[in-house]
Amino acid sequence: MLKLTDFIIDCPEPMKLAAFYAEVTGEPVKPDSDDNWAGIKFGKIELAFQRVDNFRAPNWPDDEHPKQFHLDFEVDEFEPEEQRLTALGATLRKDFVGEEGYGWRVYTDPVGHPFCLCRDRRVQWIDGEPVGL
């Protein structure tokens, strides 16, 4: 039997990056987090941030130092979330949104990890939750 328990992200300052993603997701940083390992629990899955000395950020979508991971966040509208996330320190890197308003935008978090805001025409939002993923 196999069970996924964690997504682990290397970074130079785990508490700072955990605080960024806590604001992004609205979920709290786990109380037992520290400067070497910080986490945010999502049901049975934890998004964890691990200190790595001499951290080297990916340079995606450029292949010189490619991404090691990225996260996708489904949104009902791009602009409000983009404003909120860039105010928190995210940087827009590339826009893949079509004329109809569907697609994705590539961002990096404050230390250079990539993530995307996505809007899929097949997804409906019901009671604040994306349905159809």
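Rings of Phe, Tyr and Trp (its six-membered ring) pair if their centres lie within 6.5 Å; planes under 30 degrees apart count as stacked, over 60 as edge-to-face and the rest as tilted. The structure holds seven aromatic pairs. It is a predicted model, in which local features need pLDDT of at least 70 and side-chain atom pairs count only at pLDDT 80 or more, while totals for chains, interfaces and linings use all residues. Residues are numbered from 1 along each chain as its sequence is written, and side-chain values use heavy atoms, with hydrogens and water left out.

**Aromatic pairs**

Two of the pairs are set out here.

| Pair | Ring centres | Plane angle | Class |
|---|---|---|---|
| Tyr 21 and Phe 49 | 5.7 Å apart | 15° | stacked |
| Phe 73 and Phe 115 | 5.9 Å apart | 85° | edge-to-face |

Tyr 21 lies in helix 1 and Phe 49 in strand 3 (residues 45–51), so this pair ties together parts 28 residues apart in sequence. Helices (H or I, at least four residues) and strands (E, at least two) are DSSP runs, numbered from the N terminus. Phe 73 lies in strand 4 (residues 71–74) and Phe 115 in strand 7, so that pair ties together parts 42 residues apart in sequence.

Burial can be read from relative accessible area: buried means under 20%, exposed over 50%, and partly exposed in between (1.4 Å probe, protein chains only). Tyr 21 and Phe 49 are both buried. Phe 115 is buried too, with a relative accessible area of 0%. Phe 73 is partly exposed, at 21%. One aromatic cluster is formed by Phe 20, Tyr 21, Phe 49, Phe 73, Tyr 107 and Phe 115.

**Helix 2**

Helix 2 spans residues 78–88, and its buried residues are Phe 78, Glu 82 and Leu 85. Seen down the helix axis, they fall within an arc of 75°, so they line one face of helix 2. The arc is that of the directions from the helix axis to the C-beta atoms. The face turned away from the buried side carries the exposed residues Gln 83 and Ala 87. Cover for the buried residues includes helix 1 (14–25), strand 5 (91–95), strand 6 (103–108) and strand 7 (114–119). After helix 2 comes Gly 89, with a positive phi near 120°.

**Gly 103**

Gly 103 is found in strand 6. Gly 103 is buried, with a relative accessible area of 17%. Leaving aside neighbours within four places in sequence, its contacts (heavy atoms within 4.5 Å) are Phe 78, Phe 96, Val 97, Leu 117, Cys 118 and Arg 119. The C-alpha atoms of Gly 103 and Phe 78 are separated by 9.9 Å, with the two residues 25 apart along the chain.
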